[in-house]
Every structure is written in structure tokens, then in C-alpha cells.
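I wanted a quick look at a few strands and one surface spot, so I opened the model and took notes as I went.

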Amino acid sequence: MKRRSFIKHLGHAVAVPGVVGSFGFTSPLSVARMIESARETNRVLVMIFLSGGNDGLNTIVPLDEYSRYDLHRPNVALPESSLLNLPNRSLAFHPSLSFLRSLYDEKRLAIVQSVGYPNQNFSHFRSTDIWMSASDSNEFLTSGWTGRLLNHEFPDYPEGYPNDDFEDPLAIEIGNGGSLLFQGPTAAMSMTISNPNDFYRLISNNTGEVPDTLAGDKLKHIRLIAQQSQQYGEVVKKASERVGQQVEYPQSYLANQLKIVSRLIAGGLRTPVYLVRIGGFDTHADQVDRSDPTRGWHANLLNDLDSSINAFMSDLEYLGIDDKVLGMTFSEFGRRIIANASFGTDHGSAAPMFVFGNKVNGGVYGEDPVLPSNRSSQNNLPAQYDFRSVYGSVLEQWFAMGKSDVNSILLGDFPSLPIVEDPAFIGINSDVVEMSVFPNPLKNQANIVFISDGEPVEVSIFDRQGRKIQQLYQGTPVSGKKMIEWNTSTLPIGVYIVLVKGQNMTFSRQVIKRKDF
Amino acid sequence: MVGYTREELRQVSSMTLATSIDTMLTVPGPVTPPVNDYEAYLRRADPGCAAGNPWVFTQISDGDIDFARRLSYIGWLYDNMMNHELSVHEKMVLFWHNLLVTDSEDLSILNYQYMDMLRSHALGNYKDIIINLTLNPRMLNYLNGSRNVAQQPDENYARELQELFCIGKWQDSQYTENDVREAARVLTGWYNDFEEIYQGNVPEPKYWEGNHDTGNKQFSSFYGNRVIQGRVGQNGGYTEIMELIDMIFENPVTAKHLCRKLWQYFVHTEITADVELNVIEPLAELLIQENFEVEPVLRTLLSSEAFFDQSFRGALVKSPAEFLIGTWKTLELNYDDPNDLTQKFYTRLTLNYYLDRMGMELGSPPSVAGWAPYYQEPLRDKAWITTDTVTFRAQVSDMISSNGIYINNNGDVLWLITDFVKLLESFDEPDNIDSLIRESTLLFLGLELSDEQKEDLKSVLLSGQSDEYYWWDAWNSYKNFPENEMYRTTVENRLRPFFRVLFQYSEFNLM
């Protein structure tokens, strides 16, 4: 989106004291203490939405297909000599993506080739909705997949939140728009901020009865948001204030958003999901400079992406939280194989996705795209991977969810890819009969049953943040069925993971303790 | 109406329903085009246009000058919204701008010409607007029509013409991907001549036959399997476009699309089966019968039982424009010195900043679909309110009720002071607290307050006292001795916190 430019130009002209607010760079907390608090934080997923439809073929160029690539898009093709080759692969990065190439070399970047979905829809809005809601092409959902994820973990939200067990926002998006991504089945699950220090004390709004009318419904909504902005505002502000120095970021809308995200994670927020955006990928015209295809609009966008991720990764490392964060880029679609006459490309279908972070199982997933031999045939790349396979892999391997839970969030069964190098709990599979926990949701007492292979085994309880809170058993049971009792009467309300770890096996189960029990 | 004064409300209340609807459907006279108010910002003269003169259709000397003119154009949008007369016209301009989107990221004159077109047709003919829009030079740039050539068609405008502007994305919008491709072929051959525009000529679309696809265009069964005959010659492209628009308007979904959008904009975001059957369908029939004139449809909608249904009262969240500009209008704020062009320029620039922080930069919807709260299910207008914007709204309303509006006037601080005493002078019974609350509710809130809230407000106005006589006395003392500084200050010091609390009630965000 180009829309930010006006405000950027105006920034200095209209900066308003007391209303604009600013980052407080002065808080003197030591890096060591900061790191300490960061260690307590959850694993975090940061999603970067490339809005407008990113041109995958000019992001990662298939070198085996170079002559066809050049044939189909003579006016936007990048010269072979300008490309950044991947070692031992016939693939190359756009010349603007030098940092991503180095991440790839360090095995900290996964490239998932040709991600899309069946029956591609070419409308920005519809396809964005499909990606955000994780729906089929012909299925119309009004909730987002992350919204459903959070609703699964925090089923009562927003009633009773924030509370002592979870005082942090469930999800944060930077900017001022509520995205479909975080829309749960009944409530929006995210908090929107543009500046973590820019919170404002509202006069406490009357939260009494509202009339049972349409207006009453809107009134209730405004009051609840106002109330939450107060409570979450404090928490976010505090987290932000805990962080002193950060590395230098480039001046861009995306970089500023990532800078805030890094700051909040380091400040100790346990918020598991963040969404940031970079717009302008709808490159129908002037995608490349007419005199030099390595420059132009798309090159600038990729350069912004590359340098912002570069600063973000360095900052995470500097703040000691680099192992906690997984990043993922996505866009509503790729672009056509054949370029148009405007030195641009029209709405297309499948495109590569990037997943990055220290814990990523780096490399290229999938076959390189194959281009048609002549210009009259197919103009869209077929999808190799359904985008929900990537989401599912992240849920399973990063957030340690069982397959059946993943399926209920993604509304279907999608094969996963081994994207995370060090999954939260290896071999997790809540459907296996080798292990069970009942009752679930928990009451005052639970039973953990597993099949022992006669080797030493440990049974431990973890909270949602992956902290071990209790070791229930350590020993070498005889082969066969083993049952362990677990007193859960004093356990606080929340979601827990029960882990059974042996020499040759690891099983885990996610359980929940709710208010009503 | 984007905000109204007490006097306007009184006028309308004294009219019969028929008269008030006539009034609301008045087409105001043309507004003056934007003038060179940017010299202080630019720090030099504009060789194409002297200070104070209209800059439209004058020579554009360089990019910085054009950028300054764009800011001047945005300010012009604010002026039009703040100065509108008692008519629904201005609200319809915003409706069309949000439905038929372009943004302000282009040459100032193109932005102006596009908006001027919407203004002059705001209560006019839907089909005429679409015809004008299709060949509007700003739109030719915005959705790449000017790059759409036979050899390599660009589908951008062809898609949105159907998906957003005419047919929509409803259950009954069954056009196909191929219809998009075929429409793109019809639309080939048009471009802008920038050299002429830079020189100050009136921008008009150019046509080059060589770029037009002269083959036949075959549409789907949704359009009755229509074939638009490929045409050659200098008028070939234009003739085909007229046939394309005829075809789209002959499809009954187009009329329904507009009526559904009007319902959602004026009444309520949800379209129930009952509304579809009893409101949308008859309105769509009327629109077709009236040859796509919008005024009769608005007249019917605004006088319908459904429109006055009490259950829709206060059921829409104010957009940022309605929140800020509406309040500005009701409080009759004005430029400190209306003849000081520089001050006007910076005031409007600051307002634009405030509106952007609330999620609505006037003149620049974030995408071709418009502002998300007008279309994104399931939150819709609720989405104007986020944890970020709800606090910013409160900051702005606090600012208005304490000091007034802060303006960064070319580096100098300027406060546009809110005069609540003047506001109360326009009330029926300013010395009666119940009446004061009732009249304030009518002007600012979408819903009645609860008894508890009213008690809170009374207590604020009475500085914690309970005897209402104190207010009666304070106001009448001031009225009897308006020059007495103590009496005036006493009244002001009661009114500021009163309105601060009133504006922080969630009801202030509803309309």
C-alpha cells in the first residue's frame, strides 16, 4: 500500500505533543535482567503479511527454467548475472534479498515452494480472506485461523480477561486495523497498537446494562474495548519500558513494526502471536524500472523486507530472545507467469513462503516451479503445497499442538512439513493410544496412562509457555500399561502439556483446566 | 449529514417529513476549487499559480509543487465536509468515494478532477457516474486502465468494475474469471497524456486504436452469453465500453448492489432476508425504473418506515470523519483567521493527521475496496473501534473539551478554542440541567443515557453539589452580566468537564 506516504511526509509537520507520544528509550533496565524476563516468555510466531500479492517468480527465480522465464516476462525478468544463487540448487534470490540468502546459508531460512490452494481466487479481498481464515476457495468463514487457535486455548475470552493467569494480550497487531486473522468465532482476539507507550487513561466508562438492541450491541463492544485497552495498555507499556537499547532499524513502516514486536517480546510479554504488514505488492505496473529490472518498485519492497528482517533478527539476538521467535511471510497470491505491457504482472496463484528463525529446519521444500514452454498455455503456477500445511506444521511443531487439535483449527487434515528443527515436543501425537490423560478438562484428580517399554521414563507437566512446572514421575516401570495419578486440585486455571519422555519414545497431551470444574 | 448544529436540528424538527426530505436532497451549489494556500509550506512561489488563486488546470512546474497542491487538495476535502449545507449531499460524496475508490497518490489535478466528478454526480445517475469513472484519468492510472493494451491486457479495472463498483460479491454475483478477462479486452486502448496535463490542460482520456483489442468478446451466461463485437476506428473503444456498461447495468444484480450498499451505509450493516425482500428488491426495481437516478431511491429510503425503525437508532459506530468533523461542525469551530491561508492549510493538515490516527485518512482509502469497517465481516463498523483508536478518540475528545484543537501552524502552536458557552446560547433551555442533557444528547450521542449516567453528568456540572439551582443561578448570572469575567469563567469551568465526560461515554461513538 502506498497510502502511508502522505503521513510519512507529514510526520514532522504535524507532530503533536502529548498526542503522538514517543518511544521511551531511557529506561535503564540491564540487558541481563531483560534477558532473564525474556526467558520466561512463550514461543512467539511473527507473521509478516505481504499485502497485494507478491511476485514469487521474481522473488525466487528457477534457474533451470531461466530461458522460459525470460521468454514469458521479457520486460520484468531479472538478468541472470544479477541473481543471488543458492549453493547446490538451481534457484536464486532476487538481488535485493542478500540477508535472506545469508539466513538460508546458515540454515535459518526455509523456502516452501509454490504454496497456494485449489481453485485460486484472483480477488485481493477474497484471497486475503482465504489466507487469513484458512478456508477452502469456496468456503466463506468469518473467523481467522489464528483467532480459532486462540479461542481454542482461551475459550472464555474476552469474558474475564485479562486475569492473573494471563494478563498479556493474546495477540498483537501493529497499525490501526483489526484483521480477519485474529477474529475468533465470537470475539476479536487481538489487541491493536501503534505505539506501545501511547496509552491513555480513559474515564471509567459505565459498564452497566445495555439495551437489548442493535445499538446496545455496539455500545457493549465499545465499552469492552475501551476497558481492555486500559488493562492491556498498562501491561504493554510496562513491557516496552523494560527494554532499553535496541539495535538500529532502517526507517520503514515494516521495520518500525518489527522493532515494536522485538521490544515487547524482550520486555516479557507472553503474547504468542504478532501480525505486521508491508503493503504495495500489487505490482500491475512498474514492478521493475524500465531501464534496469533489478531496480524499481518490487526491488524496493523486497529490499525493505530484507533489511527489516535483518535488523529484527540482529535485535532478537542482541536481546537474547532469538531462539523464541519464528517468523513467517505470506501473501494473498503470487503473480502471473506472463508479464503485462506495463512492466508489471497481474494477479496469479501459487508463490513461495519464507519461514525464518534459529529453530527453523532450513532449506528448500518442494520442487522448483516448471514454466510452460509457450506463451499461449497455462499462465498460473499450480500449487504444490496447501498453505494450511504450513500453518499446521507451525501449530504442531512450534506450538506443540496435537494433530486433532490442529485439524479442528484448520478445519481439515493437511500433511505437515518438518519446518521446525527442534520441535517443541518431538513425536507429539495426541491421537496415539499409547498415552492418555483423563478426565480432560481436568477436575481435582487426573490419571495419566501410557504404555511403558521397560526403559527409564520421566513424566512432567509444562505450562503453555513451555515451562516445566512439575515432575510427576521418574523411574523404570515394567513393560506394559502404567498409570500415574496427578493431583490437580490446586492447579491454576489454564492449559498444560503432559509429557512422557523415555529413551525411545516421547508422548505428550494437551489438557485444560477450566473455571467450571 | 456529517454533523449538524443546534440551529439546523431545530430547522429540521420544525419541518414536515416531506419538506425535511426535500431539504436533505438539495443539491448545493458548486464549491470553489482549491487555491494556492501552500506557499508558506513550499517556501517559494508557484510559477503556475499566484497565492490565493485556484491552482486547478494551471501549469505544474515540478514535483514538489504538485505535492504541495495534493496537500491543498486534501484540505479542500476537509473544507467541503466542514462547510456543507443542510443536505445529504456531502455524505453521498463520501459514499461514492468509498465505493468507487481512488486515493490521493497521483497528480493533484487528477485527484481533484476525480473528486469533482463524484461531487457533481453525488445525487445524480449511477450509470453516468460509472461511465465517467471508467474513463476518468485518475482512475485510468489508479487501476492501470492506461496500461491495458491488446497485446498484454491488464485486468485490474475490469475486475473491480464488476467485483466492487457494480455487481459486487453477493451470493447472486455470478460473473466469471473469463468475464473479467473479456471486460479487460473491451477496456483496452486508453491512456493519459501527461505532457498536456503538466501544461495545465484539462485532463482527458486519450485513445489509441492500435492498442485496442478488436476481437469479439464473449461473456458468460451471467450476462446472457452476450458477445460484444470487436470494433475498429477511433470510436471503436468508446462504443464497446458503452455496450459493456449497458450489459452490466442490464444485469439486475447491479441495481441491487447499489441499494444494498446504500442500506448498509445509511441504516444498518446487516441485510436480513426481510430487508432483502421488503427494502432492497423494491428499491432496486425503482432504481431500474428511474433509469438509475439515485435521488428517487434515496427519497424512498429516507422516508421509509425501515429507515425510521427505532431499533436502528444509534446502531452505527461513527466513522472518524463523523466523529471529528461532525463534532467540529456541531461546535461550530472555525479557523482562527479564515483569511489566513497558511493557517487554514496547516489546520487542515493537522486534522488529516488526527483522522489518519483514527484509521481514516480522508481522500486515501487504504485499498480499492475502501475502508475496511465499511465491508469487513463480521465486525464491520465496530472495527473503527480498536484498543488503539478508542484511546486516541478519547484523547482527541478530551483535547476538544479542555483546550480546544491543537494545530501545528507551520511550527507555531495554535489552539482552536472550543466555545461551549456559545454552544449553550443556541440551546432551548441552557439553565435547565435536564434540558441541557437532552439537547446535548440529541447533538452528540447516538443513544439515550441511563439515569445513572445522567446523574453523573449532573454531578459533574454541579461540581458535586446536588441542588440544580446552582447551575440555574450560574447560567443566569452570566446571561444577565455577560461581560462579567467571573460569571463567564464559572460557567465555562462547569461546562468543560461536563462535555469531557459526555464525550468519553461510549454513546458518543454511536450515531
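**Before starting.** I am working from a predicted model.

**Entry 1: strand 6 of chain A.** Next I looked up its partners. Strand 7 of chain A (residues 190-193) runs parallel to strand 6, with 4 bridges between them. Within that pairing, A:E173 has A:T192 as its bridge partner. Strand 8 of chain A (residues 273-278) also pairs with strand 6 in the parallel sense, over 3 bridges. There I found A:V273 opposite A:A171.

**Entry 2: an open sheet in chain A.** I then turned to an antiparallel sheet of 3 strands in chain A, ordered 13-14-17. Strand 13 (435-438) and strand 17 (480-487) are the edges, each pairing on one side only. From one strand to the next, the twist averages 15°. I zoomed in on strands 13 and 14 of chain A: strand 14 covers residues 445-452, and the two share 4 bridges in the antiparallel sense. A:V437 has A:I448 in strand 14 as its bridge partner.

**Entry 3: a surface patch on chain B.** Which residues make the nonpolar patch here? I got B:V413, B:W415 and B:I417, with a patch area of about 290 Å². I placed B:I417 in the loop between strand 6 (412-416) and helix 20 (420-425) of chain B. B:I417 has 54% relative accessibility, so I logged it as exposed; the cut-off for that is over 50%.

Conventions
Residues numbered from 1 in each chain as written. Chains lettered and ligands numbered in written order. Predicted model: local features only at pLDDT ≥ 70, side-chain atom pairs only at ≥ 80, totals over all residues. Heavy atoms only, no water. Patch = residues over 30% accessible without salt bridge, like charges linked within 9 Å, V, L, I, M, F, W, Y side chains within 5 Å. Areas by Shrake-Rupley, 256 points an atom, 1.4 Å probe, with all protein chains shown as cover. Salt bridge = Lys/Arg side-chain N within 4 Å of Asp/Glu carboxyl O. Buried < 20%, exposed > 50% of the residue type's maximum accessible area, 1.4 Å probe, protein only. Pairing = 2+ DSSP bridges. Axes fitted to C-alpha atoms, helices over the stretch in contact; angles between N-to-C directions.
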